[in-house]
Amino acid sequence: MTGTASARYSFGGDDHVFVELDGEMSLTANFKAMAITQALEERRLDGVIDICPANASYQIRFDPLVLPPTDLVELLKQIESDVGDATDIQLDTSIVEVPVLYNDPWTHETLMRFRTHHQTPDSTDLEYAAEINGYTSVDSFVEAHSGSPWFTSMVGFVAGLPFLFQMVPRERQLQVPKYPRPRTDTPKQAIGYGGCFTAIYSVRGAGGYQLFGITPAPIYDPTQQHPDFEDFMVFFKPGTIAKLEPIDRAAYDRIVEQVEARAFRFKQRPVRFSLGEFLNDPDAYNAGLLEVLRGS
């Protein structure tokens, strides 16, 4: 079933509708998906069970005995028309500092165990990523990776795992392919990269993203024992803006001690994100976000 020229509507069984807003990821497509699903949630319609925004799409689970499928699709088309390109919509969210130990010993040991699965068995993941993106050193690549904020485009695949999209003009976005053959092991809280996304592995398990480092900060706590998880077991939400902050091993060890003592708190500040203002001047907008995070 075809919707508007900019979106493709399709049914998944009797109780799901899937809407693809764009064939490729962009901040505009992602923010539009969030704006549409937020508008639907605010209507609190009988029959809507679950609303799940994704990178450039969204999916709705509904009860067809309460809400006729054709009525739901027509409503979604109307909301899409009202949202437009989403540049006039603002999102109340937060910017958070995520400490990262790049080139750490744990992800390094893991990636070296799986060199036969990699494009370049004779180099590390960071060396490979730096080379194919035209950087002359790992340090300069890390500076590019950590220098700009990242927008949480979706959370999922495994529980609590955020996908982060770099907030820079498209021509400056880093691009790194996944492993040709995935690993059977990845450390918890590893910083991975695949395609145009940074991901933070919320649990230990298989994975195919290039490994750049690790964060000592918990992002998923099903026990909800850490202070930042009193309300929910998953820290990141769609729309959360992250600043990846490089740290050294001493700082990593200090944060680990704080986490073990249940004393660690993420540094974060509330912000109101405007897609239109960001697109008008990305660098100036990002500088303003970072000033907010610093408490200025």
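## Helices α4 and α5

Leu126, Glu127, Ala129 and Ala130 of α4 meet Val138, Phe141 and Val142 of α5, where contact means heavy atoms within 4.5 Å. Helices here are DSSP runs of H or I with at least four residues, strands are runs of E with at least two, and both are numbered from the N terminus. This is a predicted model, in which local features need pLDDT of at least 70 and side-chain atom pairs count only at pLDDT 80 or more, while totals for chains, interfaces and linings use all residues. Residues are numbered from 1 along each chain as its sequence is written, and side-chain values use heavy atoms, with hydrogens and water left out.

The axes of α4 and α5 are 9 Å apart, and the two helices pack at an angle of about 80°. Axes are lines fitted to C-alpha atoms, for helices over the stretch in contact, and angles run from 0 to 180 degrees between N-to-C directions. α4 and α5 are therefore roughly perpendicular to each other; angles of 65 to 115 degrees count as such, those under 35 as roughly parallel, those over 145 as roughly antiparallel and the rest as oblique.

Helix α4 spans residues 125-132, and Asp125, Leu126, Tyr128, Ala129 and Ala130 are buried in it. Buried means under 20% relative accessible area, exposed means over 50%, and partly exposed lies in between (1.4 Å probe, protein chains only). The cover over these buried residues includes α3 (105-113), α5 (138-147) and β10 (210-214). After α4 comes glycine 134, with a positive phi near 80°.

## The four-stranded sheet

An open sheet is formed by four strands in the order β1-β2-β4-β3, with antiparallel pairing. Two strands pair if DSSP finds at least two bridges between them. At the edges are β1 (8-11) and β3 (48-53), each of which pairs on one side only. On average, and with direction ignored, neighbouring strands of this sheet are turned by 15° against each other.

Strand β2 (residues 16-20) and strand β4 (residues 57-62) run antiparallel and are joined by five bridges. Glutamate 20 stands opposite serine 57 in β4. Helix α2 (residues 69-83) packs on the sheet and touches β1, β2 and β4, its direction making about 160° with that of β1.

## Packing of α1 and α2

The axes of α1 and α2 come within 10 Å and cross at roughly 125°. The two helices, α1 and α2, are therefore oblique to each other. On the α1 side the contact is made by Lys32, Ala35, Ile36, Ala39, Leu40 and Arg43, and on the α2 side by Leu75, Leu76, Ile79, Glu80, Asp82 and Val83.

Arginine 43 belongs to helix α1 (residues 27-43). Its relative accessible area is 41%, so arginine 43 is partly exposed. With neighbours within four places in sequence left aside, arginine 43 is in contact with Leu75, Ile79 and Asp82.

## Salt bridges

The count of salt bridges is 14, each being a side-chain nitrogen of Lys or Arg within 4 Å of a carboxyl oxygen of Asp or Glu.

Lysine 32 forms a salt bridge with glutamate 80, with the closest N and O atoms 3.5 Å apart. Because lysine 32 lies in helix α1 and glutamate 80 in helix α2, the pair ties together parts that are 48 residues apart in sequence. Lysine 32 counts as buried at 14% relative accessibility, and glutamate 80 counts as buried at 4%.

Arginine 61 forms a salt bridge with aspartate 50, the closest N and O atoms lying 3.4 Å apart. This pair links distant parts of the chain, with arginine 61 in strand β4 and aspartate 50 in strand β3, 11 residues apart. Arginine 61 is partly exposed at 35% relative accessibility, as is aspartate 50 with a relative accessible area of 40%. A network of salt bridges links Glu109, Arg113, Asp185 and Arg204.
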